[in-house]
Amino acid sequence: MSLHPVISALRRHKAGVVLIVLQIALTLAIVCNAIFLIQQRIERASRPTGAVEDGLIRISQTWFGAPSGDDAAAIEKLDAMQRADLATLRALPDVQDAAASTSMPLQGMIYSGNLSLNPQQSGLNVTAAYYYGDERLRPTLGVRLVAGRDFKVDEILHHGISGDAVSPVVIVSQPVADKLFPQGDALGKTIYQDGKPAAIVGIVERLQTPTTQAWGSSWDYNSVLEPVRLDGASASYALRARPGREQAVMREARKALLAVNPLRVMPESWGIQSLSQIRAKIYRADHAMALLMTVICVILLGVTAAGIVGLTSFWVGQRRKQIGVRRALGARKADIVRYFQVENLLIAGVGVVLGALLAALLNLWLMAHYAMPRLPPAYLLVGVLAVLALGQFAVWGPARRASHVPPVVATRAT
Amino acid sequence: MFFPSPFGEGAQRAGEGTFEAQRCALAEPSPPAPPPMGEGSNIQEDGMFGYYLDLALRSLKRNKSLTALMVLAIALGIGASMTMLTVLHVLSGDPLPGKSALIYYPQIDPQDLKGMQPNKEPPEQVTLIDGLNLLHAGRADHQALMSGGSVPLDPQKTDLDPFYVEARYTTPDFFPMFDAPFLFGHAWTEADGEAKVREVVIARSLNDKLFGGADSVGRIVRMAGVDWRIVGVLDKWRPNPHFYDLNTGSYDYGEQVFLPLQTMLDLRLDRNGSTDCWGNGGGGVGNILPSDDCVWLQFWVQLDTPTKAAAYKEFLVHYSQEQKALGRFQRAPNVRLRNVMQWLDYQMVVPGDVRLQTGLAFGFLLVCLVNTVGLMLAKFMRRAAELGVRRALGASKRALFAQLLIESGVVGLVGGVGGLLLALFGLWLVRQRPSDYAALAHLDLSMLFITFALAVGATLLAGLLPAWRACQVAPALQLKSN
């Protein structure tokens, strides 16, 4: 079929054609970028922490009337309270493991510092999160040890952080090891944490930092395990529940800790929570954003499809006589349907070319202002095909109706 | 019919309907067909308006599904964009209307030479020693040094469990500088603060909770294991965003207790917020304070005139030079003095997501408008015959143009009402979301007005091109061709 009659007919509807082309182009540009954004958000919200999340529980609590000084006696008292809590938690039937743990991936409470290869901290510098805890922390989190060993019981220190007592041994995450020792020989080497030396005795595969904020996003898997129980008026613990007993452990732990010492604050909202609850809470905004974008995309595509249906319907109505003439001259119904399909393909084709261009521009703008990555061409390709298919789908109804125009219309006066 | 189209039968009937009307018009040029009018007409302007409105409604009714689509598209576009615009408007609001231009946030750079880059911003908070130095220098009209935290409160009542309250540790100029309104009592004095008194100003919500709203000045409240005497109760006061300390979350955060900073330093109460250290600085945990190589406090000043602000900036430079001469500072003076709105802007307080969603919503509105322009164009052009008849019967181009614009205005008005309802629904949805600004999302009067103006304005704009195109019909040609 020759395109000539289609094009010359469209010339008579310049304004309408321009508008529908523009609409298709804008729709494609917005939908492509929005879907890319949705995918980014979902990917961000589902990346693994490195811990075995199912059955992992965090307890944050503060004692009332805990010793407030930082003298040795107060520290020892606080440490005894912490060890008593841990012993109680480990004795619970549904608890597989329990550990002192200042931080938890995603949870937000973060200690961080600067790692370097010399005490002057010159040259290579890596920011990392410090996870303070005891020898059970690594197994309780379920983080995979890929080299070296766990902390030994006699390596565990305890102090109220005053900045000068630092453990001589640490376990680092693989990204930290790779950044400081690109040759892959990190194990056994000495690193300087904020200027103070420590030997790497173990490497864990992956451990996300406790923060998901933008300021921490460039070092989001740089973590260091420190064999230190931090003593303060607040202490927090990590628990590993036996399979399927997560809910039970959360109830039992509260009861057991209050039985040990009722003078403590452990709010319902964040005192005891599972990592899956923490994850849901921390990524709520991302899920909400993804949902909103999805809804807008669907409505946008709906509006554009309805616009195509509406405009084509008008054109069909306007050309009833011409359609009748063509039918009278021997065109089959299928020819009429094909005519409108080709016409739509032509319009949508121009629309998607323009739209792809707009999408790329919009992406460039988003990259400049919202730190979005570059839009992969696959998204554009899928978007283009989807919009072309949408056009064909939308034009099907009016085209079918056009094909039902009887040839006899050609002979009528009006 | 195989394909269930909302336009199917309607469109065909509409076509015939137009021809029908046209035939009537030729046979008897009286209502319901258009009567003679235009330049020669003696119908008054307002009468014309009523008549055009009538014509518009007839035309819209003739093509119900199409009209519904146009109205729906406008309503969706307006609803989405107004929802997001309202959220943006609320979030970028001025926390201290009328005063924010006089309140400044001084920044100085006490860091060591490591990691220094030219033009790099100084730290976003101050160290304790610099904060106290600037406070005691007293060069501004008001100045306050502060930090945030939370303290356990023991109500010592049987019906209430111990709970945490959000606390602001500050020097007393905080209250007059930020126009915090007192319901009862007053702040502690500067001298009391220096003397580390255990006095507290509590928020109205806490006063309601603990004392049932009674004047509690002079009463004792036990926090962090210590007795505090209440000296003042603040009335409802919650600046949004929480500009003076953005570490707490920017929106819908309010402290329940205000404690003297010096007393907090003395008692080593727990802090929340961010602590940035350099060199061998220790961040301090629990009851250990951060070292002097750490910034962890906010320092705010009030400067009543631009001259004073300029002088204060000079002072900050001198202070930095002095500290460098003393060997404390290592870098060349690097100071900033932003007022509240500049500070919020610099901190990019409005969430990027909200800006992005607002942009998306307006993109969506644009597509909806283009869609409406296209549909109106088709609809108006389709009526070329009817318009030709009206032209032939003496209606001026202007009259036709007005008629068609009224038709698009009606669509805009109805779409606007729909958009308003959708925006109210959208804001309700926003309020159900778990973000810290959720509770703030309400439509105010100005946004209500903007919604309508935007809806009608946008649709009239959308109607301009189709209406102009449609009135270009030559009167006679249309009569002849059919």
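Which residue in β11(B) is the bridge partner of B:Y104? The legends below begin with that strand. This is a predicted model, in which local features need pLDDT of at least 70, side-chain atom pairs count only at pLDDT 80 or more, and totals for chains, interfaces and linings use all residues. Residues are numbered from 1 along each chain as its sequence is written, while chains are lettered from A and ligands numbered from 1 in the order in which they are written.

**View 1. Strand β11 of chain B and its two partners.** The bridge partner of B:Y104 in β11(B) is B:V301. Strands count as paired if DSSP finds at least two bridges between them. Strand β1 (residues 103-107) of chain B meets β11(B) in the antiparallel sense over two bridges. Strand β2 (residues 142-154) of chain B also pairs with β11(B) in the antiparallel sense, over five bridges, and here B:L145 has B:F299 as its bridge partner. Four of the five residues of β11(B), residues 298-302, are buried. A residue is called buried if 20 or more other C-beta atoms lie within 10 Å of its own, exposed if 12 or fewer do, and partly exposed in between, with C-beta atoms placed from the backbone.

**View 2. How confident is the predictor in chain B, and where is confidence lowest?** The pLDDT is the predictor's confidence in each residue, from 0 to 100. For chain B its mean is 80, with 85% of the residues at 70 or more. Confidence is lowest in helix α1 (residues 8-27) of chain B, at a mean of 35, and highest in β11(B), at 95. Over residues 1-44 of chain B the pLDDT is below 50, and this stretch has 62 contacts in the model beyond near neighbours in sequence. Two residues are in contact if their C-beta atoms, placed from the backbone, lie within 7 Å. For the complex, the predictor gives an ipTM of 0.78 and a pTM of 0.76.

View 3. B:N240 and B:P241 are joined by a cis peptide bond, with omega about -5 degrees. B:P241 sits in the loop between β7 (226-234) and β8 (257-260) of chain B. B:A224 is not a glycine, yet its phi is positive, about 50 degrees; the residue lies in the loop between β6 (220-223) and β7 of chain B. B:A224 counts as buried because it has 24 C-beta neighbours inside 10 Å. B:R268, again not a glycine, has a positive phi of about 55 degrees and belongs to the loop between α8 (261-267) and β9 (276-277) of chain B. With 17 C-beta neighbours inside 10 Å, B:R268 counts as partly exposed.

**View 4. The largest nonpolar core draws on residues of chains A and B.** This core has 114 residues, and those with the most contacts inside it are A:L28, A:I296, B:M70, B:I74 and B:F364. A nonpolar core here is a set of buried Ala, Val, Leu, Ile, Met, Phe, Trp, Tyr and Cys residues joined through C-beta atoms within 7 Å. Leaving aside residues up to four places away in sequence, B:I74 touches several residues, including B:C368, B:V411 and B:A455. Another core, of 61 residues, lies apart from it, with B:A144, B:F243, B:L259 and B:Y312 among its members. In soluble globular proteins, nonpolar side chains tend to be buried together.

View 5. Strand β5 (residues 145-148) of chain A runs antiparallel to β9(A), residues 196-204, with three bridges between them; A:G148 is partnered by A:G202. Strand β7 (residues 169-173) of chain A is parallel to β9(A) and joined to it by five bridges, with A:V170 bridging to A:I200. Strand β8 (residues 190-193) of chain A is antiparallel to β9(A) over four bridges, and A:I191 has A:A198 as its bridge partner. β8(A) and β9(A) form a hairpin with two residues between them, and A:D194 in the turn has a positive phi of about 50 degrees.
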